[in-house]
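Thanks, everyone, for making the time this morning.

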Amino acid sequence: MELSGKHITLGVTGGIAAYKAAELVRLLIKQEATVQVAMTDAATHFITPVTFQALSGNPVFTDQWDARVANNMAHIDLSRKADVLLVAPASADFLAKLANGLADDLLSTLALARDCPLLVAPAMNLQMWEKPATQRNIARLHDDSIAILGPASGDQACGENGLGRMIEAEEIVAEVIAHFQPKLLRGKKVLLTAGPTFEAIDPVRGITNLSSGKMGFAVARAAQEAGAQVTLVCGPVCQPTPRGVKRIDVTSALEMHAAVLQCAATQDVFIGVAAVADYRPKNAAEHKIKKDGSAIAPIELVLNPDILADVAALPTPPFCVGFAAESRNLEEYAQNKRAAKNIPLIVGNLIQHGFGGDDNTLILFDNDGRLALAPAPKLELARQLVARIAHLLENR
Ligand code: PMT
């Protein structure tokens, strides 16, 4: 599990999004974190401490003078145990206190007394979020190295629509998990491709393949968690975009080629995870091809440009990583592709392992030889791949 052994102190402040904090506790516990909840007085008007106690399995603290803590220093006790202090939802009032170092209740006092990182997920009405005072406070929190998660835009409890919603509990958990990953690619720009391409035959039919995008999205998330600025160019897939990743949707190999080549020269790393169609119909029919009982006219195919090879051939190319999915002779074919495309690293996977599923098995081929990664979920493998790329980049 992603958060085993981690102690998270969760601060809940007063806002309607407090009810989502209950789901957040459940998801953190599911990842095997130990969760200790501290609530402001205002938060207890929206949701009771009993709910959090039942979900976390730990007593909930609301009072600075809680006699259950032997030395009467709940603020010190709760912060010293924590690997991270997470405040979700964080109200406008609480952010203002944080920005000014106020400590007039348990949660604000423990935030000031903490010696662990602080992550906050703002939640408030659109007007409150947009006020210069709130924006000044947010800027100051940025300067103080406090991580601001969100807010999101959308429908608000007050009936308005806009920025100010707390990001979803699953997204907060992903941010907490990312927080604990080593920042091996901090400051690097990483460009990736993912998913299949779709090469039109007519307006409704085309040539494509079974790539789900899962492997490419996992690598994008792992690179983002490692501190990189990530751009993901993807074919038609149904995958949620990892938070913080810039996503560019394309359909065909030609579109993918154009989107990649437009920004490849400014990147530090390019990773081609997409299963790009090698060929496309020379002329897509303008209208749906009708079945008229006669023999099917053959579809003339032309070769698509090789995106990875073109990036690798740039005058100062980024560090290029290819993927190879094979049904047999994996090592030989993968090595041949690495040589043909003139790239430093290629990642081999068997079609029966790689396509579609949640898990995979990878073999990495580079100048140092081969490195086999044991079967694991795609995200776990993606993190190992990112670590290898960071190592090779450093020793280039
Ligand atoms: O999406 P999933 O369901 O999770 O599946 C993941 C995957 C199996 C698709 C992925 O792990 C993978 O192996 N992708 C590469 C598939 C492949 O075999 O590609 P290829 O042999 O056609 O190309 C080799 C490399 O050149 C790849 O990095 C590819 O992105 C790139 N290429 C290929 C053709 C082309 N015209 N342009 C390219 O950039």
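I will speak about the domains, then about the contact between them, and finally about the ligand.

Please keep in mind throughout that this is a predicted model. The domain assignment divides the protein chain into domain 1, covering 7–179, and domain 2, covering 189–394. Taken over C-alpha atoms, the centres of domain 1 and domain 2 are 39 Å apart, and the contact draws on 8 residues from domain 1 and 4 residues from domain 2.

How much area is buried between domain 1 and domain 2? The value is about 440 Å², with carbon and sulfur atoms giving 47% of it. On the side of domain 1, the residues that lose the most area to domain 2 are Glu175, Ile177 and Ala178, which together make up 61% of what that side buries.

Sorted by class, the side of domain 1 that touches domain 2 consists of 5 nonpolar, 1 polar and 2 charged residues.

Let me move on to the ligand. There are 25 residues around the ligand, and those that come nearest are Ser211, Gly272, Lys337, Asn349 and Gly356. For Gly272, a polar backbone atom is 2.6 Å from an oxygen atom of the ligand. A backbone N or O atom of Met215 lies 2.8 Å from a ligand oxygen atom, while for Lys214 the corresponding distance from a backbone N or O atom to an oxygen atom of the ligand is 3.4 Å. The ligand taken alone exposes 770 Å², and the protein buries 95% of that area.

Notes
Residues numbered from 1 in each chain as written. Predicted model: local features only at pLDDT ≥ 70, side-chain atom pairs only at ≥ 80, totals over all residues. Heavy atoms only, no water. Domains from an automatic or database assignment. Contact = heavy atoms within 4.5 Å. Buried area = accessible area lost by both parts, 1.4 Å probe. Nonpolar A, V, L, I, M, F, W, Y, C, P; charged D, E, K, R; others polar. Near = heavy atom within 4 Å. Polar contact = N/O pair within 3.5 Å; in protein donor to acceptor, adjacent residues only side chain to side chain. Areas by Shrake-Rupley, 256 points an atom, 1.4 Å probe, with all protein chains shown as cover.
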